[in-house]
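Okay, thanks for having me, everyone.

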Amino acid sequence: MNRVLTLVSAVAFVFSVMFLFSHECAATQQFAKDTGKKCLDCHKKIPKKGDKDMQLTELGQKFKENGNKMPK
């Protein structure tokens, strides 16, 4: 029974890690963590996967023009 529980736990862990890293927003979450900014500080609306039209705020446009670094 212990082996089965260990195996099930290992499989659940692997699928959890795969799920976490399969989302595009991982970099955005890291950016938010590093800067303390929210998505809507740079985006007029939260972009969906595959969105071509990012609709940036003034801060977002300056960030983009500054080589994806926070403007001074």
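Let's start at valine 11: its relative accessibility is 39%, so it counts as partly exposed. For the record, under 20% relative accessible area is buried, over 50% is exposed, and partly exposed is in between, with a 1.4 Å probe and protein chains only. This is a predicted model, where local features need pLDDT of at least 70, side-chain atom pairs count only at pLDDT 80 or more, and totals for chains, interfaces and linings use all residues. Residues are numbered from 1 along each chain as its sequence is written, and side-chain values use heavy atoms, with hydrogens and water left out.

Valine 11 sits in helix 1, residues 2–21 (helices are DSSP runs of H or I, at least four residues, numbered from the N terminus).

Next, threonine 57, in the loop between helix 3 (39–42) and helix 4. Buried or exposed? Buried, because its relative accessibility is 19%. Setting aside neighbours within four places in sequence, threonine 57 is in contact with Leu40, Asp41, Cys42, His43 and Lys44, contact being heavy atoms within 4.5 Å.

One of those is Cys42, so what about disulfides? The whole structure has 0, taking a disulfide as a pair of cysteine sulfur atoms within 2.5 Å. For cysteine 42, the nearest cysteine sulfur belongs to cysteine 39, 8.8 Å away. Cysteine 42 is buried at 8% relative accessible area, while cysteine 39 is partly exposed at 32%.

Last one: asparagine 68, in the segment after helix 4 (58–65). Asparagine 68 isn't a glycine, yet has a positive phi of about 60 degrees. With 52% relative accessibility, asparagine 68 counts as exposed.

Methods:
Helices (H or I, at least four residues) and strands (E, at least two) are DSSP runs, numbered from the N terminus.
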